[in-house]
Each structure stands twice: as structure tokens, then as C-alpha cells.
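Reader: I'd like to learn how to read helix packing, pockets and ring pairs. Can you walk me through them?

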Amino acid sequence: MKFVTLSFTLAVTLAAAKAQYAHQWEAPGPNDFRGPCPMMNTLANHGFLPHDGRNITKETTINALASALNFNTSLGALMFQMAIVANPEPNATFFTLDQLNVHNVLEHDASLSRSDAFFGNNHVFNETIFEETTAYWTASVLDANMLANSKLARQLNSKAFNPNYTFTATVESFSLGEVSAPIVAFGDLQAATVNRTLVEYFFENERFPTELGWSTRTEVVSIDDILRLTQAISNATNLITPSEPVASTRRRDLHAGIYA
């Protein structure tokens, strides 16, 4: 039984290594489409998705996410269903990365690495914005709290300076998934942590950090993993701390204006 398990693990690892070798990174050309999602752009830069960013079908999406990140089929299909709404054509069967740039469809304000549409380009990596984000990544290993803090900071900044700031409940749900994505792709699914260096390399280059030692995980990623991690990020965005035991001494509560 141990031999079978070892053989299976080795086969998966070799398959992942072969897939990565066959999908060398290539920068987008002047006629290639790219969008606001660094992961979708990265998949295209490595050829898991069409390098030109066009004609991305359900089958292509499922295969790309399975090969690059070991997503199971149902999760890959869900990712496609979320993206296909960006194609305005009735009964569309594909989307392009350029279609993802339409504001307030999937692209939204307060991105971790892009400027708000109000200020101009909403889909190209913005170093200034990303520096705002990484200021809240305060250790070499990121956890849910650090990722959540950077998300909240970007929302606060956007709300303060963008007169058209929009962040609906639907966007919030989508955003939580985005913020958890670095853990899903590069981190420890159980501990909900990820190496900061890998994440920064990924955002800044839109490239898988294979030269830093990363490789596709051997365990399959499912929707349950995504839901658990997004819940961890959601919990971490709560700014209310747990209640402490109340001292028995009667005192005037100057904040509430009543006696405790």
C-alpha cells in the first residue's frame, strides 16, 4: 500500500514538473489581451490559457486550472461560470481577458494591486498601490490577518479618495476569494499561511515563482478549500475584538454614559 501511495505521489509530482516545463513564461505582446486578475494573466503568460488572452472556453479554463494549480473539475467549472458573465454576448461560450476589465462587472475598486477605474488604468499592475498593500504584510509568512488588513486598508483608501467608490455585497464575496488566492495557489491550505516572497514575486511579475522553488501542489484543491479560506479572511476583517471579563467593581462608563 505504501508503495502504491508513493508511486502515485511521484507520478503526480512528475506530471506537475512536466507541465511547468512545457509552460515556460512569455511576456504578453502588444496585441495580447490582459485583464485585472493577476492569476488569469499569469496563466496566459505561461500558456495554460491562450497566450493572446482570447477565446477562453470552459474546457480551456478547467484544464488550465487543473494543470497549473491542481484545481478539481468542479472548481474549475465554477471559476469559468464566474468569468463568463464578462462576455456581454447572449449565451456566450467563451470570454477574453480584455472583457474582464469592464468596471463593476468583475473588476472592482480597492484592488490589492490595481488602481481604481476612476483614476485611470484599472488592469495594469500599479507599484504604488501594491506598496500600500504590502505595508500591512508585516512578516515573512503571511496569514489571514495580514491579508485581511491589506484588504481593509485598500478599501479605506479607496473610499476616502475615490468619489465613485463602489463595493457591494457581491463584490465583497468576490474580493474575499481574491484575497485568499495567494494561499490557495502558493501556501499552506490547512494553516492558511503563505510565503510573502512567493506572493510578491507573483504579483510583480505575473509569473509562477518556480525559480524560487515553488511547484504545483500535489493535493487537489476543491471548493471546500476555497470556502474555508475565504471564511478565514472574512473573520480576520472583523475589527471587533473578543470581549474581556468585566471587573466586578462598579464604575462610571464614560463612553456609554451609564453605570456598569
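Author: Helices (H or I, at least four residues) and strands (E, at least two) are DSSP runs numbered from the N terminus. This is a predicted model, where local features need pLDDT of at least 70 and side-chain atom pairs pLDDT 80 or more, while totals for chains, interfaces and linings use all residues. Residues count from 1 along each chain as its sequence is written, and side-chain values use heavy atoms, leaving out hydrogens and water.

Reader: At what angle do α6 and α9 cross?

Author: Roughly 65 degrees, with the axes of α6 (residues 144–161) and α9 (residues 223–236) coming within 8 Å. Contact means heavy atoms within 4.5 Å; here Ala144, Asn145, Leu147 and Ala148 of α6 meet Ala232, Ile233 and Ala236 of α9.

Reader: And which residues lie nearest the centre of the largest pocket?

Author: A pocket, on a 1 Å grid over the protein atoms alone with a 1.4 Å probe, is an open set of points with protein on both sides within 12 Å along at least five of seven lines; lining residues have an atom within 4 Å of a point. Cys37, Met82, Phe174, Gly177 and Glu178 lie nearest the centre, among 49 lining residues. Helix α7 gives the largest share, 13 residues.

Reader: How many aromatic pairs are there?

Author: Rings of Phe, Tyr and Trp (its six-membered ring) pair if their centres lie within 6.5 Å; planes under 30 degrees apart are stacked, over 60 edge-to-face, the rest tilted. The count is 13. Phe80 and Phe95 have ring centres 6.0 Å apart and planes at 45 degrees, so they're tilted.

Key
Axes are lines fitted to C-alpha atoms, for helices over the stretch in contact, and angles run from 0 to 180 degrees between N-to-C directions.
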